[in-house]
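Colleague: I am still learning how these words get attached to a model. Could we go through a few of them together?

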Amino acid sequence: MHLKMIIDDAMMKQVLGFSTMTSHWLLFGLLVAGCSLAFASDPSPLQDFCVADQNSTVFVNGLVCKEARLVQADDFFYSGLQLMGNTSNAVESAVTPVTVEELPGLNTLGISMARIDFAPQGINPPHTHPRATEILTVMEGRILVGFVTSNPQNRLITKELQKGDVFVFPEGLIHFQKNVGNGYAVAIAALSSQNPGVITIANAVFGSNPDIAGDILAKAFQVDINVVYQIQSKF
């Protein structure tokens, strides 16, 4: 009986030790996951504001703060979204961004916006924002919008919007807009980063500097290489 008690006690210690180790690893995993979520988007401000010092030569992940005593109301102000953008271009649309580059007070606040103007049948061509989700509100006209899910489904999710309608494009996914009305259309977009970035797919693929090798694109798009060269010549 005494020997059995000793064995049982030893086994219990092993179980408790394993349970404690498991708990420690579980806690560590939760902490790592929490940190990943915390740094998944723009960092949160650690003070009332951090107006971007656009004259600073210091390079950091984001922009250096201007001294608080030098901050003025104009650092939080932008004027111009009432003006229509110039749609006289190949895609017949114009994007007027208001990011931290245009509005220094956005620094560390994790938000920006843009006005998008469309001539009749104009498009905002397929593109992606690598650092932001976008929410679009139609101010005037009828706009067809859509985005494509990631591989392997590559599902197209699309809808026609009217004045006052709102649509959201998940972060990083390729999306587009097209004016399907007879007149001009206007939309306002809000984005979840002070610097959302934009990659226009056609420009990036066919207008890279230097060019992506023609044989690579010909095989990727399953077309003759001369078709690739023709498209590249337009960018």
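This is a predicted model: local features need pLDDT of at least 70, side-chain atom pairs count only at pLDDT 80 or more; totals for chains, interfaces and linings use all residues.

Colleague: What makes E134 buried or exposed?

Modeller: The value for E134 is 2% relative accessibility, so E134 counts as buried. E134 sits in strand β4, and H129 in the loop between β3 (123–128) and β4 (134–140). Strands here are DSSP runs of E with at least two residues, numbered from the N terminus.

Colleague: How do you know that the side chains of E134 and H129 make a polar contact?

Modeller: Their distance is 2.9 Å. A polar contact is a pair of N or O atoms within 3.5 Å; within protein, one must be able to donate a hydrogen and the other to accept it, and residues adjacent in sequence count only if both atoms are side-chain atoms.

Colleague: What does UniProt list for "binding site"?

Modeller: The unreviewed UniProt entry lists N124, H129 and E134. These three are in the lining of the second largest pocket. UniProt positions follow the numbering used here, feature names are shortened, and annotations may be inferred rather than shown by experiment.

Colleague: Why do the side chains of R115 and D117 count as a salt bridge?

Modeller: A salt bridge is a side-chain nitrogen of Lys or Arg within 4 Å of a carboxyl oxygen of Asp or Glu. R115 and D117 are 2.8 Å apart, N to O, so the pair qualifies. R115, at 10% relative accessible area, is buried, and so is D117, at 1%.

Colleague: What makes E140 and K163 a salt bridge, and which parts does the pair tie together?

Modeller: Their N to O distance is 3.6 Å, so this pair also meets the 4 Å limit. E140 lies in strand β4 and K163 in the loop between β6 (156–161) and β7 (166–169), so the pair ties together parts that are 23 residues apart in sequence. E140 is partly exposed at 41%, whereas K163 is exposed at 55%.

Notes:
Residues are numbered from 1 along each chain as its sequence is written. Side-chain values use heavy atoms; hydrogens and water are left out. On a 1 Å grid over the protein atoms alone, a cavity is a set of points where a 1.4 Å probe fits but cannot get out, and a pocket is an open set with protein on both sides within 12 Å along at least five of seven lines; lining residues have an atom within 4 Å of a point. Helices (H or I, at least four residues) and strands (E, at least two) are DSSP runs, numbered from the N terminus. Buried means under 20% relative accessible area, exposed over 50%, partly exposed in between (1.4 Å probe, protein chains only).
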